[in-house]
Amino acid sequence: ICKAGDRSLPVMPRRRVRLTTKRQATLPAALCEELGVGPGDELELERCVVDGSPAWVLRAARPDWSWFGAAHPWTAGKSHRWDAIERSLARGWVGDDRA
């Protein structure tokens, strides 16, 4: 559940957006700038309740990097230079039936 007033942010004047027949809407430029999004970017929507009424929170979708450290045990103490990476990839393909 989201609570209104959790953070002290400058208040943006209320805006209305109109949906097209395809349920598309144009977002105000100021909102896009504040979210740091542009054409083709994705937004995350979160439903919450504010003062007893349903509300939706928009957030810029960010990549999930939580998996990033999973390869660490196999890379510790190894070179990260491109030529070393290419050699490692070549060794992995040896004997593979892919054409």
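**Working chat on a predicted model**

Reader: How many helices and strands does the protein have?

Author: This is a predicted model, and the protein in it has 3 helices and 2 strands.

Reader: What pattern do they follow along the sequence?

Author: Read along the sequence, the pattern is α-β-β-α-α.

Reader: And the confidence? What is the mean pLDDT?

Author: The mean pLDDT of the protein is 81. Of its residues, 82% reach 70 or more.

Reader: Where is confidence lowest, and where highest?

Author: It is lowest in helix 2, residues 72-75, with a mean of 76. Strand 1, residues 43-50, has the highest, at 92.

Reader: Let's stay with strand 1. Where is Glu-46, and is Glu-46 buried, exposed or partly exposed?

Author: Glu-46 is found in strand 1. Its relative accessible area is 30%, so Glu-46 counts as partly exposed, since that class lies between the 20% and 50% cut-offs.

Reader: Moving on to Leu-35. Where does Leu-35 sit?

Author: Leu-35 is in helix 1, which covers residues 29-35.

Reader: Buried or exposed?

Author: Leu-35 is buried, because its relative accessibility of 15% falls under the 20% cut-off.

Reader: What is Leu-35 in contact with, leaving aside neighbours within four places in sequence?

Author: The contacts of Leu-35 are then Leu-43, Leu-58, Arg-59, Ala-60 and Arg-62.

Reader: Over the protein, what share of contacts with a separation of 6 or more comes from residues 24 or more positions apart?

Author: Such residues account for 23% of those contacts.

Reader: How much of the protein is buried?

Author: Buried residues make up 8% of the 99 residues.

Reader: Where is Arg-23, and is Arg-23 buried or exposed?

Author: Arg-23 lies in the segment before helix 1. At 74% relative accessibility, Arg-23 counts as exposed.

Reader: What about phi of Asp-51?

Author: Asp-51 also has a positive phi without being a glycine, at about 55°. Asp-51 is in the loop between strand 1 and strand 2, the latter being 53-60. With a relative accessible area of 75%, Asp-51 is exposed.

Reader: Which residues line the second largest pocket?

Author: Its lining is Lys-78, Ser-79, His-80, Ala-84, Ile-85, Arg-87, Ser-88, Leu-89 and Arg-91.

Reader: How do those divide into nonpolar, polar and charged?

Author: The lining divides into 3 nonpolar, 3 polar and 3 charged residues.

Methods
Residues numbered from 1 in each chain as written. Predicted model: local features only at pLDDT ≥ 70, side-chain atom pairs only at ≥ 80, totals over all residues. Heavy atoms only, no water. 1 Å grid on protein atoms, 1.4 Å probe; cavity = no way out; pocket = protein on both sides within 12 Å on 5 of 7 lines; lining within 4 Å. Nonpolar A, V, L, I, M, F, W, Y, C, P; charged D, E, K, R; others polar. Helix = DSSP H or I, 4+ residues; strand = E, 2+ residues; numbered from the N terminus. Buried < 20%, exposed > 50% of the residue type's maximum accessible area, 1.4 Å probe, protein only. Contact = heavy atoms within 4.5 Å. pLDDT = per-residue confidence, 0-100.
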